[in-house]
Each structure stands twice: as C-alpha cells, then as structure tokens.
Amino acid sequence: MNFGNNILKYKDDILRDLKTLLEIRSVSSESEENCVKALEFVLTRAEELGLVSKNIDNKAGHAELGNGGKLCGALTHLDVVPAGKNWTVEPFTLTQKDGRLFGRGVDDDKGASIIDLYCLKALKDSGVEGKNTLRAIFGTDEEIGMTDMEAYFESEPLPDLSFTPDSDYGICFAEKGILQVKVYTDRKDGTVLSAIRAGDAVNAVPDEAKALLYVSDSETNILKRNSKKYNGKFNFIDTIDGLVVESFGKASHACEPEKGFNAATALAEFINGEFGSEEVGSLCEFIGYAIRTETDGTSLGLKMRDFVSGDLSCNLGKIRLNDNSSYLTLDIRYPVTMTVKNILRRIEKSAAMSGLKVEVLHHAEPLYLPKDSRTISLLSGAYESIVGKKPELYSTGGGTYARMLGGKGVAFGPAFKDDNVNMHNADESIDEEKFFLHAQICLEAMYRMYTEDLSDI
C-alpha cells in the first residue's frame, strides 16, 4: 500500500478548512489585509494540528515537520486573482456540485495549500521516522510579483529539494521567462476616444472592456451597424457624457491567452477600424498596429519559439485611458532559450512610433531543470506509485514559485490536463475525485522527501 493513501482519512477536515480559506477574499491586487488573514488562518491551523509554524513579516510563512537532514519544501500561495464576471456559483466559498469543487482558488492555489498542510499532519500522525526537514511554505502575493518569496528567502534558506503544486501534472521541467511591461503616455490625445478601461490583472485575459466616445447620433447609428463586421460582442449605451461601448470576451490565464477571448483588443480593433489615429489617440493606435488581436506577438516582431518550451505568448491585460493616466500592460511569456533584452528592445521600438514610453513592471528569468535531476526522479517515482504510469515531462508559460528556487524545484500538480479547471476564469473548479488523487500523489511525494536519504544532493 502506498503511503499517499493515508491522506484520504482527512477528507472531511480538508474540505472544511478549504471552505474557510476560500471565504477569505485574499485577492492580492486588492487587499493585502485579506492576504494576511489567509496566512494567519493557515499558520494557526498548523499549530492546532500539532505542527511548528513561522510567520515571516506577514508576507509568507511555513509549517514544519522534522529538524535534520536536508531541507525539503512544498510551496503554495494563498492569494488569488479577482473573481471577475459570469460565475454560476458564489466565487468566494466552496460549492460542491456535479462531482466538482468550485471557488476562486480551489485550483490556484488554495486547494493545494490545504492539501500540503494535511500531508504534514498525516506524516506526523503516522509516527513515521523522518531523515529530513519538511516544510509546507505559504506565500501571499504570487499573483502580483512573488515579493512574498523574496522576503521569505531573505530570512529562510532555500530548500535542497522542493516542488510547487501550482500547475498541471505531470512534471513541469521548464518555465518560460515572464516579462510584464507598462506602455504609457503622459497625455490623452484622442479627439473621439475619451476613455477606455479593461482588465483588473496583468496576468489575465480581460473578459470585459468599456470605451467612451464623443460621437454624434448619426455616427452612433453607423457604429452600431458596422460593429457586426468585427469579431466580438458589443453593446452600446447612450449617456450624457457620450457613447459607451461595451465589449465582452472570455477570461483565461495570460500564460494561455489563446484559450480566452480578449475583450480589450477586440474593442480596440473595432475603434481603430472606424476612426483615424488622431481620433483614437496614441495608445489605441499602438494597439492597432503593434498588438491587434494576436496572442503570439507577431506585430511586435516577437513571434518566436524553441524546442524546449514552445511559442512566445503575448497578452494585453489592462488598459486605463482617462484624464489622469493612459497606459496598457503586456504580459509576455518567452521561450527558455531566448533573452529578454531583445524582446524589450522591440517593444520599445514599436511604442516609440506613437510617442509612447515603456516601463518594466516585472521580469522573471526562465527555469529549466535537466530531466535526470534528483528532484524529477523523486517526484516521478511518487506519481507512478499512485497513478500507475510515468508522468509526462512538459514546459509551461505559467510562472510559479519554482523559478524562485535556484534550480532546486519544479511545478508538480495539482490539476490534471484532462480536467478543465478554468484557472483565472469564471467557475474555477476541480474534479473532486481528481483533487483527492492529487492529495495522494502529494503525500507520497512529501513522504519520500521526508524519509529518503538525500545526502547525494
């Protein structure tokens, strides 16, 4: 019998604590206070479960078992992206329906956080003798830059071997580089386009966008008629300030923008198609020639790929154009063998054509671990012992804590690729049976990390 099966005796406790954690609205882009509450809840539960815990400046913390050998870690984050629109259930609670678990963070990454906690509990209760020190490490701002782990590792050592259940199964041995930039101007220079707003997160495809246009009644009628020529769903509202045009799309994670439909770029395409550059202004003009509705960066001169990690992706996540600020954000996931300098130079060149400036918001170097590394060997064995077959090794455009681990960790679970979890989208959910299959794999991996001789690493 695999040790991982021991987690199943804690099913009810896991679901109870997951419900409580989901109800804490720890949206890192909106409320630092609620992210701290989520961290305090998990660390308090750790103490109640008989584990040792530590809080690092209310930014991150850990629950710990053992005190010798190598330091091993399982890293998860307690913050989430905004709920967004179009949920069929309440996003900030746990809903069990049709064999699935629903709620913002149930997959990314609160569900895995609670599982990690109970894996330590299962190991402690079993009385198994550990050779190493095992930590479940929790962060609070993974979705907006990972400064939580920067703070944590300023105080605590890097694990010798680790994984983060914040992606898909099998094992992610390569993560693309992440470049997030702001393209901006100090002026609002459109004569027709007065305002535009879209998106709440840099790393998500916006599912809704709105623009305010100064147009006549006859122009309004033409716009309504011509909108049918464009790819998108639009709504028109006459207001005292002008014509509001709403655009509707489908959200998705910025690492897979092709799985969504960007309401912002669809709206910009419509506006650019109906008006000239002086009427729409420099920011919207830039979208028209440099971004369009593409997700691969072609018009920016960024279309590229490599054999290890595949294609570059480019997502416009936010637009704010009003009297006080005019900017947009781009989230670019680039192949592991490419360099960021060349990418940034091409963006700056395109932006300069409209007199726009570029600011780097965040950059994370690519991650790549050899397929024969000790980390991948241990995790592969744990997966095979539970599932009965070897895990696929794959690369991703997603950004996880793995890239903060100095080549000593990878992303591993919790979602299975045949399960549509709607990460960063409405109705985020996970198949309940697969959720507890992940729990067994996770416990098996943490059991091996805790009990095996790792003196060779």
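**Pockets and cavities: a quick tour**

Hi everyone, let's start with the largest pocket: its lining splits into 11 nonpolar, 16 polar and 16 charged residues. Keep in mind that this is a predicted model. The volume of that pocket comes to about 870 Å³. In total 43 residues line the largest pocket, and those nearest its centre are Asp168, Cys255, Glu256, Lys259 and Met423. As for strands, β8 (167-168), β21 (393-396) and β23 (414-415) each supply at least two lining residues, with β21 giving the most, at 3 residues.

On to the second largest pocket, which has a volume of about 400 Å³. It has 23 lining residues, and Gly84, Gly199, Asp200, Asp207 and Glu208 are the closest to its centre. Two or more residues of this lining come from each of β11 (193-198) and β12 (208-213), and β12 holds the largest share, 3 residues. By class, we have 11 nonpolar, 5 polar and 7 charged residues here.

How many cavities of 30 Å³ or more does the structure hold? There are 3. The largest has a volume of about 120 Å³, and its lining includes Glu142, Glu143, His253, Arg333 and His362. That lining counts 3 nonpolar, 6 polar and 3 charged residues.

The second largest cavity has a volume of about 50 Å³. Among its 13 lining residues, Lys188, Asp189, Ser282, Leu283 and Leu321 lie nearest the centre. Helix α8 (residues 282-291) provides the largest share of this lining, 3 residues.

Conventions:
Residues are numbered from 1 along each chain as its sequence is written. This is a predicted model: local features need pLDDT of at least 70, side-chain atom pairs count only at pLDDT 80 or more; totals for chains, interfaces and linings use all residues. Side-chain values use heavy atoms; hydrogens and water are left out. On a 1 Å grid over the protein atoms alone, a cavity is a set of points where a 1.4 Å probe fits but cannot get out, and a pocket is an open set with protein on both sides within 12 Å along at least five of seven lines; lining residues have an atom within 4 Å of a point. Grid points are joined across faces, edges and corners, and a volume is the space filled by probe spheres set on the points. Ala, Val, Leu, Ile, Met, Phe, Trp, Tyr, Cys and Pro count as nonpolar, Asp, Glu, Lys and Arg as charged, and the others, Gly among them, as polar. Helices (H or I, at least four residues) and strands (E, at least two) are DSSP runs, numbered from the N terminus.
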